[in-house]
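Let's walk through a protein model together, one question at a time.

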Amino acid sequence: MPAGPDLTEADADALEPIRRHYADDPLLKAGAIKLMADGVIETHTAAMLEPYANKPITGVSNFTPEALTRTVTMLDARGWQIWIHAIGDRAIRMSLDAFEAAAKTNPAPARGRRHRIEHIESIDPADIPRFGRLGVIASMQPFHANPDPDLGAVWSANLGPEWAARGWMWQSIVAAGGHLAFGSDWPVVPLDPRAGLQVAVNRLSPDAEPPGGWIPSERLRLTKAIDAYTSGAAYASFDEQRKGTLARGMLADIVILTNDVFEAPPERVLDTQVAVTIFDGKIVYDRTNAATE
C-alpha cells in the first residue's frame, strides 16, 4: 500500500488492522508499504545529485531527507517492510540514509527488516556497497534496461554519458554483497521473464543491439539472474520458506521450458518456449494441447 510524506502516527496505527487481516497468505498478504521518493529519468523527475545533461534541474524529490527519514523510522518501528521507489542517485542515497537511520534508532524486529529500494536506475558508485552493508534489497526490473533506441534517445540523453554509464548496476550490487530481487514491473514492460533474462545476462536488445552489449560489465550469469527472479524474489517478500526453489514441501508454481537454457549460449535465451505451466500443483498450460486447440 502506498504512503506519502504527510503520513502521521495515527495513519500508521490505522493500517495495523489491515496487516493483521491479511497477515500471511501465499497469494495475498499485507505487510509492506511503498513510498515514492522521486519520478523517472525520461521526464527529468528522477531526483539526481547533479543537474541533468540537457536541462538545468536536478529532478523532483517527493520527500525532504528529514521527512523521508521520519516516515521510514516511524514505519520501521511498527514492523512494516518498506519499499521505496528511487530511480535517481539522489533519491537512492536519501533512501539508504533513511534506512540506515531507522536501523540505528529502532531495535530490529524478530524476522529482520529486508527493506527494499525499487528500480535503482542510476546510482552513485559510492552507494553500491551500502545495499549489502545495510541489508537493503535491490529490487530491479531488468527489461527497463533494454537497450532499444528509446534508451539512447531519451534516457541516456537526459543523463549524459557519465551518468548513463551507471545504468542498472545489478552485477556491481551483487559483487558488493547486496541481495538482488528481479521482477517485471508489468504492465509498464512485458510480464514474460525471458525478456528480462535476455537483458540481465546479455545487456542486449532482442535484436542483439548494441554490438558487444550495453555496459557489458553489468551482465549477470544466467544462474544468478534466475535466482534473482526466484529465490531472490521469495527472500525479498519473506517467503523463502515456501517458494522460490524446487524442493519437497515448497509451493508447486513451476514453468517447464522446451530447451535447457543452461546448455545453450546465453544470447539464445529467447529461443526457448514455455512447454508446461504448473500453478499450485496443477497444470494450467500445456503447449502441446494448446497447439491443437
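Q: Where is the place of Asp185?
A: First, a quick word on the ground rules: this is a predicted model, where local features need pLDDT of at least 70, side-chain atom pairs count only at pLDDT 80 or more, and totals for chains, interfaces and linings use all residues. Residues are numbered from 1 along each chain as its sequence is written, and side-chain values use heavy atoms, with hydrogens and water left out. Helices (H or I, at least four residues) and strands (E, at least two) are DSSP runs, numbered from the N terminus. With those names in hand, Asp185 sits in the loop between β6 and α9.

Q: What is the phi of Asp185?
A: Asp185 is not a glycine, yet its phi is positive. The value is about 65°.

Q: In which loop is Pro210 found?
A: The peptide bond from Glu209 to Pro210 is cis too, with omega near -5°. As for its place, Pro210 belongs to the loop between α9 and α10.

Q: Why do α9 and α10 count as oblique to each other?
A: Axes here are lines fitted to C-alpha atoms, for helices over the stretch in contact, and angles run from 0 to 180 degrees between N-to-C directions. Angles under 35 degrees count as roughly parallel, over 145 as roughly antiparallel, 65 to 115 as roughly perpendicular and the rest as oblique. The axes of α9 (residues 193-202) and α10 (residues 222-229) come within 10 Å and cross at roughly 135°. The pair is therefore oblique.

Q: How many nonpolar residues are in the contact of α9 with α10?
A: Contact means heavy atoms within 4.5 Å, and it is made by Pro193, Gly196, Leu197, Ala200 and Val201 of α9 with Leu222, Ala225, Ile226 and Tyr229 of α10. Ala, Val, Leu, Ile, Met, Phe, Trp, Tyr, Cys and Pro count as nonpolar, Asp, Glu, Lys and Arg as charged, and the others, Gly among them, as polar. That leaves one polar residue, no charged ones, and a nonpolar count of eight.

Q: At what angle do α3 and α4 pack?
A: Helix α3 covers residues 65-77 and helix α4 covers residues 89-105, with their axes 8 Å apart. The two are therefore oblique to each other. Their angle is about 45°.

Q: How much space lies in the largest cavity?
A: On a 1 Å grid over the protein atoms alone, a cavity is a set of points where a 1.4 Å probe fits but cannot get out, and a pocket is an open set with protein on both sides within 12 Å along at least five of seven lines; lining residues have an atom within 4 Å of a point. Grid points are joined across faces, edges and corners, and a volume is the space filled by probe spheres set on the points. The count comes to one cavity of 30 Å³ or more, and the lining of the largest includes Asp76, Trp80 and Phe238. Its space is about 40 Å³.

Q: Which element gives the most to the lining of the second largest pocket?
A: This pocket holds about 400 Å³ of space and has 20 lining residues. The elements giving two or more residues are β2 (32-36) and α6 (149-159). With four residues, the top giver is α6.
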